[in-house]
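Work through the exercises below with the sequence and the model open side by side. Each task is followed by a solution in steps.

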Amino acid sequence: QSLFFITGMGIFGGLQFCLDIYGTRLSENPFTYIVWSMFLGIPVSGYAILKYKVGLFTLFRKDWKQIIASSFMDNLGYACILLVTYWLKILYVLPVSNLSIVVATLIGVISLKESMARRRIASAVLIFLSIAFVQIF
């Protein structure tokens, strides 16, 4: 069951990325598209607040600094990717954008002490070498 959801996440995430690149390139000003796309999450957030209000407010009161910092970094990172794909060919940008996998793996292994460290590090190194190989050649 989890493989089904992970596959769906990859497919829909890839489709979202393609649509956002297309939208960014069609717009006269990429910043306009990026800012408006960030506002699309407001209806989903509103629904979540209405449905889970007690739990969300408790969570936000407890971890508000982390939530705001994480949201800011997520939006800033995605905006950077869209800007770079506006100016450069996607074939150059896409592999480098996957460096986030390597960074997340290292944080998970080093800071969060996640299990199977050797396997995860080996996978991250393989991804990093693949990205470097594509960029060099």
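**Exercise 1. Find which backbone atom the side chain of Asn29 approaches, and describe the setting of Asn29.**

Step 1. A polar atom of the Asn29 side chain lies 3.0 Å from the backbone nitrogen of Phe31. A polar contact is a pair of N or O atoms within 3.5 Å; within protein, one must be able to donate a hydrogen and the other to accept it, and residues adjacent in sequence count only if both atoms are side-chain atoms.

Step 2. The model is predicted: local features need pLDDT of at least 70, side-chain atom pairs count only at pLDDT 80 or more, and totals for chains, interfaces and linings use all residues. Residues are numbered from 1 along each chain as its sequence is written, and side-chain values use heavy atoms, with hydrogens and water left out.

Step 3. Asn29 sits in the loop between helix 1 and helix 2 (30-39). Helices (H or I, at least four residues) and strands (E, at least two) are DSSP runs, numbered from the N terminus.

Step 4. Asn29 counts as partly exposed because its relative accessibility is 34%. The classes are buried (under 20% relative accessible area), exposed (over 50%) and partly exposed (in between), with a 1.4 Å probe and protein chains only.

Step 5. Lys65 is 36 residues from Asn29 along the chain, and their C-alpha atoms are separated by 32 Å.

**Exercise 2. Describe the surroundings of Ser27.**

Step 1. Ser27 is in the loop between helix 1 and helix 2.

Step 2. A polar atom of its side chain lies 2.8 Å from the backbone oxygen of Thr24.

Step 3. Leaving aside residues up to four places away in sequence, Ser27 touches Tyr33 and Tyr86; contact means heavy atoms within 4.5 Å.

**Exercise 3. Which side chain makes a polar contact with the side chain of Asp20, and what is the nearest side chain of opposite charge?**

Step 1. Locate Asp20 in helix 1.

Step 2. The side chains of Asp20 and Tyr33 make a polar contact at 2.7 Å.

Step 3. Asp20 also touches Tyr78 and Leu82, not counting residues up to four places away in sequence.

Step 4. Asp20 is buried without a salt bridge, and the nearest side chain of opposite charge, Arg25, is 12 Å away. A salt bridge needs a side-chain nitrogen of Lys or Arg within 4 Å of a carboxyl oxygen of Asp or Glu. For charge, Lys and Arg count as positive and Asp and Glu as negative; His and the chain ends are not counted.

**Exercise 4. List the residues of the largest nonpolar core and the elements that supply them.**

Step 1. The seven residues are Phe17, Ile21, Ile34, Tyr78, Ala79, Leu82 and Leu83. A nonpolar core is a set of buried Ala, Val, Leu, Ile, Met, Phe, Trp, Tyr and Cys residues joined through side-chain atoms within 4.5 Å.

Step 2. Helix 1 (2-26) and helix 3 (41-87) are the elements that give two or more residues to this core. Helix 3 gives the most, four residues.

Step 3. Ile21 touches Leu82, Thr85 and Ile90, not counting residues up to four places away in sequence.

**Exercise 5. Is Trp36 buried or exposed?**

Step 1. Trp36 belongs to helix 2.

Step 2. Trp36 counts as exposed because its relative accessibility is 59%.

**Exercise 6. Summarise the whole chain.**

Step 1. The chain has six helices and zero strands.

Step 2. Of its 137 residues, 18% are buried.
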